[in-house]
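Hi,

Here is the structure I promised to pass on. Have a look through it first, and then read my notes below.

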Amino acid sequence: MILSVDGVEFSYKSRKILENVKFKVNRGEVVSILGPNGCGKSTLLKCINKILKPKRGVILIDNYNLNELSNLEIAKKIGYVPQKSDGSYMTVFDTILLGRKPHIKWEVSKQDINLVNEILEIMDLKDYALRYTNELSGGELQKVIIARAIVQEPEVLLLDEPTNNLDLKNQLEILRVIRNISKSKNIASIIVIHDLNLALRYSDKFIMLKDGKIFAEGGKEVINPKNIEAVYGVSVDVKYYNGIPVVIPLY
Ligand SMILES: Nc1ncnc2c1ncn2[C@@H]1O[C@H](COP(=O)(O)OP(=O)(O)OP(=O)(O)O)[C@@H](O)[C@H]1O
């Protein structure tokens with residue numbers, strides 16, 4: 001087990017957002033966090049990344065209490081792709097290289113450069129290496145930010161709606177890259193995602209949040225019409241196509 005979230009409660013001022021959230025994630029697992037707008041998914045990722053501090057509960061990363069880790073130690077263990085990012089007057093190459101910062105002691109090593117070149121190749125970003133990130137489209141920038149989190153070589157990768165801004169091909173490719181990297185490097189990936197069909201295709205486990213509480217948790221079986229109706233208020237059918245479950249809204 002690489003991540004344990006136990007009894008987490010979080011409030012913005014007096015408004016309770018997360019209540020008794022509890023789950024565990026193993027190395028190499030891809031977990032989707034699902035639930036309607038405003039139910040607390042991004043807040044939960046921010047608590048796991050120590051951007052926000054829960055009022056109650058314990059979060060363990062690799063058996064270390066998050067509260068006892070320094071920012072540098074957290075940066076070595078956790079990669080985070082926020083919901084929105086801005087470009088800057090920095091090239092794609094340098095932006096991705098920044099992901100190596102927690103690991104760089106004195107100067108950039110050959111291995112750091114190799115890792116950046118490798119991810120540029122994997123994510124089909126080679127032609128963009130010398131472009132400035134403030135001159136990229138939303139989808140291109142999103143890919144760069146994901147690449148930066150991957151070269152960080154974290155043990156836990158937190159992704160907040162990583163397929164936002166991406167076209168169909170890039171949605172599939174990015175999730176495939178995230179899944180492959182999770183498996184080959186034994187990284188736990190936790191993805192907040194709205195598209196249930198993409199989640200079903202690329203995740204091992206699912207956590208459904210409703211009103212800041214875990215409503216259901218488990219394998220593909222939790223993405224069923226009864227749970228979807230209860231969480232999203234939408235009637236759906238779930239059919240199998242080539243062995244893959246597909247959620248079909250009924251109106
Ligand atoms: N900084 C903040 N101050 C006060 N309330 C906030 C703040 N950030 C978020 N909230 C509120 O907390 C609740 C949960 O927000 P959160 O962003 O975690 O939801 P979410 O499930 O990620 O939503 P979405 O799917 O729309 O991205 C929402 O009602 C939101 O309005």
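**What I found**

Strand 3 (residues 30-34) runs parallel to strand 8 (residues 188-192), and the two are joined over four bridges. If you want a spot to start from, find Val30, which sits opposite Ser189 in strand 8. Bear in mind as you look that this is a predicted model.

Six strands make up an open sheet, in the order 6-7-8-3-9-10, with mixed pairing. From one strand to the next, the twist averages 15°.

Next, the helices. Helix 6 (residues 168-185) lies across strand 3, strand 7 (156-160) and strand 8, and its angle to strand 8 is about 155°. Helix 8 (residues 225-232) also lies across strand 3, along with strand 9 (205-210) and strand 10. Its angle to strand 9 is about 35°.

Last, there's a hairpin to look at. It is formed by strand 11 and strand 12, with two residues between them. Strand 11 covers residues 236-241 and strand 12 covers residues 244-249; their pairing is antiparallel, over six bridges. Tyr241 stands opposite Ile244 in strand 12. In the turn, Asn242 has a positive phi of about 50°.

Happy browsing!

Methods
Residues are numbered from 1 along each chain as its sequence is written. This is a predicted model: local features need pLDDT of at least 70, side-chain atom pairs count only at pLDDT 80 or more; totals for chains, interfaces and linings use all residues. Side-chain values use heavy atoms; hydrogens and water are left out. Two strands pair if DSSP finds at least two bridges between them. Axes are lines fitted to C-alpha atoms, for helices over the stretch in contact, and angles run from 0 to 180 degrees between N-to-C directions. Contact means heavy atoms within 4.5 Å.
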